[in-house]
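Hi everyone, thanks for making time for this. I'd like to walk you through one structure, so please have a look at it before I start.

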Amino acid sequence: MRPTQNIFVFQGGGALGAYQAGTYEALEKHGIHPNWLAGISIGAINSAIIAGSPQGRAVQNLRQFWEMVSSNLDLGFAPHDEFKRLFKDAAVISSAMTGVPGFFSPRLYTPYQLLLNPDALISHYDTEPLIKTLESLVDFDRINRGDVRVSLGAVEVLTGNFAYFDNRDTKLTARHVAASGALPPGFPPVKIEGKYYWDGGLVSNTPLQYVLAADDVEADLDIFQVDLFSARGYMPKDLLEVDARTKEIRYSSRTRMNTDEFARKQILRRAARRLLEKLPPDLQDDEDAVLLRSVGIEYDVNLVHLIHRTAAFDSHAMDAEFSRASVEQNWKAGYDDVVSTLNHPRWKNRGRPKNGIQIFDLAQDKAEQD
């Protein structure tokens, strides 16, 4: 029986990232620990905190981060449903005006800033607080030892090329994490080795394609893809809901497209293996046979899709709403979705996938039953 690796894939989505923290807590409680963490934007931040925490401390450090960023809006109560949307919109305005503790602060446009700080001309907020928070919470020496693989997506500003900072070939720092979450025009680009980087979500908001394209896999994979925007939604009824729906569509994962392409590659890999087995000994070292052998590695993938689903009263700027009530709600939703998924009969009784991959979107089953 082939060994199995656990991969956690964390999408970008700002304040909604507390959902990912909740999923991690539940997965850890069920004894599922990551061999590889791949994240973009807030997903990169959560990934760094998890991978850079001592054994048994990751949930505590995640909790410290999310309590810190929601501390400005900890009112000690959750508003009633009829007031929730109004409260959430007010929370968004508050974060925009005053910033988020330990994450970003609004710029003061003094003459000094305008004349001597080029970042002040191309961004509204300063993200140095985030870098300091990461340096205090995350053990980057632990990350760079490589016990857990960490891959963070960003885009180079000048070329528009997508890039991954991977601890297999890069010494990761807090600046690499901040670069993955440097969403313009709110945040400035981050300079790394002479190049400037913005949020990877500008090109692709999920690292799933990067994970499935890996050509050095030596085990079957259980991938837990934790998305913060749902491709499926509702017909909007006003312009605010139009804004929310377009954001969901723009940043949602194209999971079916990626998994269909992977299944096609798996079919070709298996065909290559069968063909190689039929070749006579004198052709086994032929250069075409060597090439086929390099791409003929087979492995099975179980993809667990966990998706934050927007509530009817959510703000259209739900990714910028850092109130304590919403953070706790999103954290609990992630935790509950994992518990219902891992207890679902389809997951418990899963067999081997037919074409190399099978998808489990089981929290949706629970949502439809509720």
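Let me begin with a question: is Ser41 buried or exposed? Keep in mind as you look that this is a predicted model. The relative accessible area of Ser41 is 11%, and the cut-off for buried is under 20%, so Ser41 counts as buried.

Where does Ser41 sit along the chain? You'll find Ser41 in the loop that links strand 2, residues 36–40, to helix 2, residues 42–51. If we skip residues up to four places away in sequence, Ser41 touches Gly12, Ser180, Gly181 and Asp199.

UniProt, in an unreviewed entry, places the feature "active site" at Ser41 and Asp199.

Now over to the partner. Asp199 belongs to strand 8, which covers residues 195–199. With a relative accessible area of 3%, Asp199 is buried as well. Setting aside neighbours within four places in sequence, Asp199 has contacts that include Ile40, Ala154, Val155, Ala179 and Leu183. Ser180 and Gly181 are also among the contacts of Asp199, and you'll remember both from the list for Ser41.

What joins the side chains of Asp199 and Ser41? It's a polar contact of 2.7 Å.

Let's move to the helices. For those of you who like geometry, two packed helices are described by the angle between their axes and the distance between the axes. Here, helix 1, residues 18–29, and helix 2 have axes that come within 9 Å and cross at roughly 35 degrees. The crossing of helix 1 past helix 2 is right-handed. On the helix 1 side, the contact is made by Gln20, Ala21 and Tyr24, while helix 2 brings Ile42, Gly43, Asn46 and Ile50.

One more residue before I stop. Gln11 lies in the loop between strand 1, residues 4–10, and helix 1. Gln11 counts as buried, at 0% relative accessibility. And what does the side chain of Gln11 reach? The answer is the backbone nitrogen of Phe229, at 3.0 Å.

Terms used. Residues are numbered from 1 along each chain as its sequence is written. This is a predicted model: local features need pLDDT of at least 70, side-chain atom pairs count only at pLDDT 80 or more; totals for chains, interfaces and linings use all residues. Side-chain values use heavy atoms; hydrogens and water are left out. UniProt positions are given in the numbering used here, feature names are shortened, and annotations may be inferred rather than shown by experiment. Helices (H or I, at least four residues) and strands (E, at least two) are DSSP runs, numbered from the N terminus. Buried means under 20% relative accessible area, exposed over 50%, partly exposed in between (1.4 Å probe, protein chains only). Contact means heavy atoms within 4.5 Å. A polar contact is a pair of N or O atoms within 3.5 Å; within protein, one must be able to donate a hydrogen and the other to accept it, and residues adjacent in sequence count only if both atoms are side-chain atoms. Axes are lines fitted to C-alpha atoms, for helices over the stretch in contact, and angles run from 0 to 180 degrees between N-to-C directions. A crossing is left-handed if the near helix is turned anticlockwise from the far one by less than a right angle, and right-handed if clockwise.
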